[in-house]
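This report is for a reader who has not seen this structure before. Please look over the sequence and the model first.

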Amino acid sequence: MSSSIKIRDFKLYKAVAQLKKPIADATHTLDEISFLVLRLQLENGIVGESYLLSFQYSPNAIQGAFKDLLPLVKGYSVNETGKVFSMLDGVSEYFGNTGINRWAQAAINVAMWDAWGKYLNQPVGKLFGTNRDKCAIYGSGGWISYTIDELVAEVSDYVSRGFPAVKIKVGSPDWRTDVERLKIVRNAVGNKVNIMMDANQGMTLPSAIQLARAARDLDIFWFEEPVHHQDFDSYQALKQQTGISLAMGEREYDTLALCQLLERKAIDIWQPDLLRIGGVEAWRDSAALAGSYHVPVLPHYYKDYDVPLVCSVPNGIGVESFDWIDPLIDNPMVIKDGFAYPHEGPGWGFNFIDDRLTEIAF
């Protein structure tokens with residue numbers, strides 16, 4: 001068995017989702033919704049797959065990270081995820097273990113778990129034990145670049161599809177604009193739907209305090225990344241002065257920020273990004289740390305991976321949903337009555353469609 005599950009080869013691809021026009025939050029404008037898709041082939045023919053969200057950013061750098069790291073994993077058995085992670089940590093240390101190499105390292109880890117699940121003929125989530133069979137899901141978007149009509153159309157569509165919560169972007173040059181947009185969203189979705197707001201680190205502490213206080217009557221469920229993710233004292237001040245629930249975690253490559261905010265009692269929801277944090281084991285370690293302080297986990301973006309992971313931990317409470325990869329994969333996730341259900345097939349239970357992929361030459 002040991003030789004048949006060794007990594008023999010790899011291929012890297014790009015996939016692009018349809019985007020009618022650029023979209024923007026408080027800190028970035030997105031001209032492209034694109035993904036890098038990794039496939040690891042084992043000696044027994046099984047192919048493990050993973051993907052990362054790349055947008056238009058640093059294509060040569062992230063591809064270079066893959067080109068540096070992927071040749072090093074040949075010959076490892078696919079169940080040796082810990083060994084591979086430590087080895088790649090070692091070779092990446094000189095230029096830093098946080099940053100672009102971590103993305104490639106995590107993509108390798110996620111693809112290895114996919115192949116291992118396929119070899120065992122089991123969904124990845126079930127390999128860790130099951131705490132729940134489904135999890136709550138919320139609709140994400142609400143871009144600052146949207147017109148009011150586009151904003152209302154998006155949140156109304158989520159509600160019509162049974163989503164119990166929506167998240168919109170804030171961090172406009174004038175926080176009063178954000179308040180007006182939030183009021184419009186509340187009127188559009190009604191009082192039974194939760195609304196969250198996400199500043200993508202784009203606000204100052206004074207403006208975040210003003211927005212949190214002004215939005216109090218709108219029953220905002222949480223405020224995500226109001227200020228810079230390393231400005232821990234401002235998170236603490238915002239929490240103490242407004243009482244609003246705070247969420248963060250998507251920018252983190254480790255648990256340093258989580259530890260700092262737990263110490264300050266300034267985080268209410270932990271949002272690890274599977275690709276930034278380093279892959280499956282690192283994601284679960286961070287969830288366990290949050291859980292030891294009774295902080296729930298609701299991760300960033302990767303619903304097709306996050307749903308089975310959330311269902312495997314006791315403090316997982318939900319996932320974020322974008323529809324971007326659904327037209328690009330063979331088995332879109334089942335979402336019904338406000339809940340997302342783990343894929344039932346082996347591994348992660350889905351694969352990208354070959355015709356939607358463009359191979360990246362090494």
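## Basis of the model

This is a predicted model, in which local features need pLDDT of at least 70 and side-chain atom pairs count only at pLDDT 80 or more, while totals for chains, interfaces and linings use all residues. Residues are numbered from 1 along each chain as its sequence is written, and side-chain values use heavy atoms, with hydrogens and water left out.

## Overall form

The protein has 11 helices and 15 strands. Helices (H or I, at least four residues) and strands (E, at least two) are DSSP runs, numbered from the N terminus. The C-alpha trace spans about 60 × 40 × 40 Å along its principal axes.

## Two domains

Domain 1 covers 6-121 + 354-360, and domain 2 covers 126-341; such bounds come from an automatic or database domain assignment. Their C-alpha centres lie 24 Å apart. Domain 1 puts 36 residues into the contact and domain 2 puts in 32, where contact means heavy atoms within 4.5 Å.

Between them the domains bury about 2,800 Å², with 68% of it on carbon and sulfur atoms. Buried area is the accessible area (1.4 Å probe) that two parts lose on being put together, summed over both. Tyr51, Trp103 and Trp113 supply 23% of the area that domain 1 buries against domain 2, more than any other three residues.

## Polar links and the domain 1 side

The interface has 13 residue pairs in polar contact, both residues being at pLDDT 80 or more. A polar contact is a pair of N or O atoms within 3.5 Å; within protein, one must be able to donate a hydrogen and the other to accept it, and residues adjacent in sequence count only if both atoms are side-chain atoms.

On the side of domain 1 that touches domain 2, α3 gives the most, with 10 residues.

## Salt bridges

The count for salt bridges comes to 22, with 1 across the interface of the two domains. A salt bridge is a side-chain nitrogen of Lys or Arg within 4 Å of a carboxyl oxygen of Asp or Glu. Arg39 pairs with Asp354 in a salt bridge, with the closest N and O atoms 2.9 Å apart. Arg39 lies in strand β4 and Asp354 in the loop between β14 (339-341) and β15 (358-360), so the pair ties together parts that are 315 residues apart in sequence.
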